[in-house]
Amino acid sequence: MDWTWAPSSPALLTDLYELTMAAAYVAEDMAETTATFSLFVRALPPTRGYLVAAGLDGVLAYLEALRFTDDDLACLEGLDLLGAPALERLARLRFTGSVRAVPEGTVVFAGEPILEVTAPMVEAQLVETLILNLVTTGTTLASKAARYRYAAGDRTLAEFALRRCQGVDAALHLVRAARICGLESTSNVAGARRFGLPASGTMAHSFVQAHRREVDAFRAFTALFGPATVLLVDTFDPWRGIERAVAVAREAQEGGVTLRALRLDSGDLAALARHARDRLDDAGCPEVGVIASGGLDEDRIAELVAEGAPIDGFGVGSDLGVSGDAPVIDTVYKLVEFGGRPVRKRSPGKETWPGAKQVWRGPGWGGDVLALVGEEPPAPAYRPLLVEVMAGGTRTPAGRESLAAAADRFGGEWGSLPEEVRRLHEPRPVAVAPSPALVRATADLGGQLDR
C-alpha cells in the first residue's frame with residue numbers, strides 16, 4: 001500500500017482509544033506482554049453465502065512501515081492525554097510480531113478468523129483500527145465483485161466506479177478486488193497501472209453533445225481510435241443512435257476496421273440489445289459487440305442474462321463501488337489470548353471463542369472446522385486455511401505472493417462452490433463447526449467470574 005496520498009501519517013490513522021489504552025498498558029507494565037487478536041466476521045449479510053478474503057497485502061505493508069514520526073509525537077503530546085512514558089514507547093514503536101492469515105482470494109465464512117495478530121500488547125492493540133479498515137474494505141468489495149462475476153456468467157465485466165466510490169482509497173481497493181475476482185478491465189487508469197488490470201473506456205454523452213450531429217461524433221471517434229472504438233448510442237434517442245452507429249460501423253468495416261462495440265446506457269436494454277445485434281449482423285458487422293451499462297446491479301445483470309439478451313459485456317459502477325446491498329460487513333478484532341492465557345468475550349450475542357485458532361477445510365465443501373492452533377486436522381484430507389504471512393515484523397514468502405496468485409486461488413475455490421452457496425438470494429453458507437477441543441477450552445473458561 002502506498003501511503004503517500006494519506007492526509008496524515010499512517011500511525012495516526014487510528015482511533016483515540018487505541019492510544020489511550022496503549023498509555024494505560026505502559027503505565028500498568030502490560031505493554032510488552034504477548035497478546036493474540038483474532039479478526040473475523042460475526043455474521044454474513046443476508047444476501048451473502050460467503051465472503052472473499054481481501055486486504056491482507058495492505059495490512060502487511062502498513063505493519064512493515066509502522067512508526068511514529070516526530071510530527072506524530074508532537075501531535076499526540078498536544079492532546080495532553082498520554083504522558084511521557086507512553087510517548088517514549090510510541091517513539092520507538094515498530095511492529096515486531098507475527099501475523100497468521102487466510103491468503104487473499106480465499107472463500108471464508110462467518111466466525112472464521114481472516115487473520116490473527118500475535119505481538120506485544122501495545123503493538124497488537126494499536127494496529128486494530130487500520131487493520132479492520134483495510135480488511136473490511138477489501139473483503140466487502142471483493143465479495144461484491146464475486147456476485148457480479150456470478151451474475152454475468154461468461155460475459156465480460158468492466159469496472160468503472162471511480163467517480164462514485166467513497167474515496168480514492170476505496171476506488172483502488174475496488175480495482176484490486178476486481179482483479180482478484182475475475183473482472184476483465186477497469187476505467188481507473190491509476191488502478192489499472194498499479195494492479196495489472198487492463199484499462200478500458202468508451203465515451204461520454206458530452207462528446208456526442210459537443211458535435212452538431214450524433215453521426216459526426218461517431219465518425220470522429222472512430223477515425224481516431226479505430227478498432228478500440230465503443231460508440232455510446234443513447235445520448236438522444238437510442239433507437240436512432242443504434243442506426244447511426246451501425247452505419248458508422250459499416251463504413252469502418254468497409255475500410256478494413258472492425259469497431260469494438262456499441263454501448264447501451266439506458267432504456268429497455270434487452271430490446272435495444274436485440275435490435276443492435278440484428279442491425280449489426282445485417283450490416284455485415286457480426287464481430288462488433290454490444291455492451292450494456294447504466295446503474296446495473298447483479299440482479300439486473302442476472303435478469304438480462306436469463307432473458308438471453310445478446311449483450312457481450314457489462315460496465316458496472318455505482319452499486320459495485322459502494323457494495324450497495326451490503327456496504328459494510330460486521331468485522332471485529334478481539335483479544336483471544338493474553339500472556340499465554342486464553343480469554344474470551346461473554347457479552348450476550350457477542351461471545352467469542354478463546355485462544356489462537358486454525359480453520360480446517362475438507363474436500364467437497366462439507367463443512368469447515370474451527371480449531372485451536374496446534375490441533376491435528378480432523379481428517380487426513382483437511383487443509384489449514386491460516387498461514388504465517390509475517391514473522392518478527394517481516395513478511396514471510398507466503399506474505400509476498402502475487403496478485404495473480406490470489407486471483408487463481410479465487411477462481412479455483414469460488415468455481416467449485418456449490419450453487420446453493422453462490423446464488424444471489426437465500427444462499428446457504430457452508431457450516432463452520434468448533435472442534436471438540438475448542439468447545440472444551442471454552443467450557444473451561446465458562447466458570448470464570450467477573451472480578
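The questions and answers below explain the terms applied to this predicted model and the values behind them.

This is a predicted model in which local features need pLDDT of at least 70 and side-chain atom pairs count only at pLDDT 80 or more, while totals for chains, interfaces and linings use all residues. Residues are numbered from 1 along each chain as its sequence is written, and side-chain values use heavy atoms, with hydrogens and water left out.

Q: What makes strand S12 and strand S13 a pair?
A: Two strands pair if DSSP finds at least two bridges between them. Strand S12 (residues 331-338) is joined to S13 by two bridges, so the two count as paired; they run antiparallel. Across this pairing, glutamate 337 stands opposite proline 342 in S13. Helices (H or I, at least four residues) and strands (E, at least two) are DSSP runs, numbered from the N terminus.

Q: In what order do the strands of the open sheet stand?
A: The seven strands follow the order S13-S12-S1-S5-S3-S17-S18, with antiparallel pairing.

Q: Why are strand S13 and strand S18 said to stand at the edges?
A: Strand S13 (341-342) and strand S18 (394-395) each have a single partner strand, so one side of each is left without a neighbour in the sheet.

Q: What does helix H2 touch when it packs on the sheet?
A: Helix H2 (residues 56-65) touches strand S3 (98-101), strand S5 (115-120), strand S17 (387-391) and S18. Contact means heavy atoms within 4.5 Å. The direction of H2 makes about 25° with that of S17; axes are lines fitted to C-alpha atoms, for helices over the stretch in contact, and angles run from 0 to 180 degrees between N-to-C directions.

Q: How many bridges join S5 to strand S1, and how many join S5 to S3?
A: Six bridges join strand S1 (residues 34-41) to S5, and four bridges join S3 to S5. Threonine 36 has threonine 118 in S5 as its bridge partner, and alanine 101 stands opposite leucine 115 in S5.

Q: Why is S5 called mostly covered?
A: Five of the six residues of S5 are buried. Buried means under 20% relative accessible area, exposed over 50%, and partly exposed in between (1.4 Å probe, protein chains only).

Q: Why does leucine 385 count as buried?
A: Leucine 385 has 4% relative accessibility, which is under 20%, so leucine 385 counts as buried. Leucine 385 is found in the loop between strand S16 (383-384) and S17. Among the residues that leucine 385 touches, not counting residues up to four places away in sequence, are Ala101, Val102, Pro103 and Arg361.

Q: How do you know that the buried residues of helix H3 are on the same side?
A: In helix H3 (residues 70-79), Asp72, Leu73 and Leu76 are buried. They cover an arc of only 95° around the axis, which puts them on the same side of H3; the arc is that of the directions from the helix axis to the C-beta atoms. Helix H1 (16-27) and helix H4 (84-91) are included in what covers these residues. The face turned away from the buried side carries the exposed residues Asp70, Asp71, Glu77 and Gly78.

Q: Why is the pair of phenylalanine 221 and phenylalanine 225 called tilted?
A: Rings of Phe, Tyr and Trp (its six-membered ring) pair if their centres lie within 6.5 Å; planes under 30 degrees apart count as stacked, over 60 as edge-to-face and the rest as tilted. The centres of these two rings are 4.7 Å apart and their planes are at 50°, so the pair is tilted. Phenylalanine 221, at 13% relative accessibility, counts as buried, whereas phenylalanine 225, at 40%, counts as partly exposed.

Q: What makes the pair of phenylalanine 410 and tryptophan 414 stacked?
A: The rings are 5.3 Å centre to centre, with 20° between the planes, which is under 30 degrees, so the pair counts as stacked. Both residues lie in helix H15 (residues 403-416), four residues apart, about one turn of the helix. Phenylalanine 410 and tryptophan 414 are both buried.
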